[in-house]
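Open the model in your viewer and keep the selection tool ready. We will go stop by stop.

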Amino acid sequence: MTRSLPQARLPLGQAYGLRRAALHQLLVERAAELGVRFMWGSRVSEIRADSLYAAGERISFRWLIGADGQNSSVRRWAGLDGRRRKHSRFGFRRHYATAPWSDFVDVHWGRRCQMFVTPTGAEEVCVALLSSDPRMRIERGLQEFPGVAARLRGAKALTQEAGAVSVLSQARAAARGNVALVGDASCAVDGIAGQGLSLAFQQAVALGEALSRGDLACYESAHGRITRNAVRMTRLLLLMNSSAWLRRRALRLFAKNQRLFSRMISIHTSEPEGESLRARDMIGVGWGILWA
């Protein structure tokens, strides 16, 4: 049986209107204006306390920032690999040529996967799928969501199906000495959270402020505040994903108590700012699910 979250639609920000390539180009151009030197395709062969080697060239640094993704070599070199076991799943996405049927991101939850439909243009939507099944693909996943399949019937696929591993993992710390980690290198959340780029941008701002002060301890503290809610919410969602019984109860609770559902979404998106998901909130939701 397929169930969708009650009104599980997140407002679509302006960022979705930008193509990833266009956004990437804007960031690269701005960085170049500020004097950033790019060494595309260069491989780092050795890292030391104050220098590294890239493409055979020795490069000295005061600060070393690891923004090199889930399998960060900087994190590994600095001894900051996480102590907890990673939780990993598989994610796939594809764009289709069809007019969006909503101005919101649609979230659908099935027995073996979740599906997200995002309007990315006037005549285009992006369909993303998350599953623990390595054999699951979008076409197969659509069998669990007949409503979405009906809307996509006859729509031309604009892109090839792209896939990647989606993980929940945290580094031991976001900073140590003159080394700092940002983005997935520091904290990667499963795609179900919908927070990857948002967390990275927030961390980048906090890191910039810390570097201007010459104190990475400020960044370590800010990093914890930035990622705390996203990690807790992701663990809760993955727990729901592990049990059909728990999932049905949770959806029933949110359908009955939409104020609670709205509050959970507000906390997840940091609105109002400063509100966090506390242990007693988790316990309260747990009791609500049991009695739903």
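**Stop 1: a strand pair.** Select strand E11 and strand E14 (residues 187–188): 2 bridges join them, and they run antiparallel. Look for Ser169, which stands opposite Ala188 in E14. Strands here are DSSP runs of E with at least two residues, helices are runs of H or I with at least four, and both are numbered from the N terminus. Two strands pair if DSSP finds at least two bridges between them.

Before moving on, note what you are viewing. This is a predicted model, where local features need pLDDT of at least 70, side-chain atom pairs count only at pLDDT 80 or more, and totals for chains, interfaces and linings use all residues. Residues are numbered from 1 along each chain as its sequence is written, and side-chain values use heavy atoms, with hydrogens and water left out.

**Stop 2: another partner of E11.** How many bridges join E6 to E11 (residues 162–170)? There are 7, and the two strands run antiparallel. Find Arg93, which stands opposite Ala162 in E11. Strands of a sheet pair through backbone hydrogen bonds, either parallel or antiparallel.

**Stop 3: an open sheet.** Now select E5, E13 and E12. These 3 strands form an open sheet in the order E5-E13-E12, with mixed pairing. The edges are strand E5 (64–66) and strand E12 (175–176), each pairing on one side only. E5 and strand E13 (residues 179–181) run parallel, joined by 3 bridges. Pick Gly66: its bridge partner in E13 is Leu181.

**Stop 4: Leu211.** Go to helix H5 (residues 196–213) and select Leu211. Buried means under 20% relative accessible area, exposed over 50%, and partly exposed in between (1.4 Å probe, protein chains only). Leaving aside neighbours within four places in sequence, Leu211 is in contact (heavy atoms within 4.5 Å) with Trp63, Ile65 and Leu216. Trp63 is 148 residues away along the chain, yet the C-alpha atoms of Leu211 and Trp63 are separated by 8.4 Å.

**Stop 5: Thr234.** Move to helix H6 (residues 216–241), where Thr234 is found. Thr234 is buried, because its relative accessible area is 0%. Not counting residues up to four places away in sequence, Thr234 touches Leu168, Val189, Asp190, Ile192 and Ala193.

**Stop 6: Ser51.** Select strand E3 (residues 51–54) and pick out Ser51. Ser51 counts as buried, at 1% relative accessibility. Its contacts, apart from neighbours within four places in sequence, are Glu46, Arg58, Ile59, Ser60 and Phe61.

**Stop 7: a cavity.** Select Pro100, Trp101, Ser102, Phe104, Asp106, Val117, Pro119 and Val125, which line the largest cavity. Strand E7 (104–109) and strand E8 (113–121) each give two or more residues to this lining. On a 1 Å grid over the protein atoms alone, a cavity is a set of points where a 1.4 Å probe fits but cannot get out, and lining residues have an atom within 4 Å of a point. About 30 Å³ of space lies in the largest cavity, a volume being the space filled by probe spheres set on the points.

**Last stop: the whole chain.** Zoom out. The protein chain has 9 helices and 14 strands. Buried residues make up 40% of its 292 residues. Of the contacts with a separation of 6 or more, 66% are between residues 24 or more positions apart.

Definitions and conventions: On a 1 Å grid over the protein atoms alone, a cavity is a set of points where a 1.4 Å probe fits but cannot get out, and a pocket is an open set with protein on both sides within 12 Å along at least five of seven lines; lining residues have an atom within 4 Å of a point.
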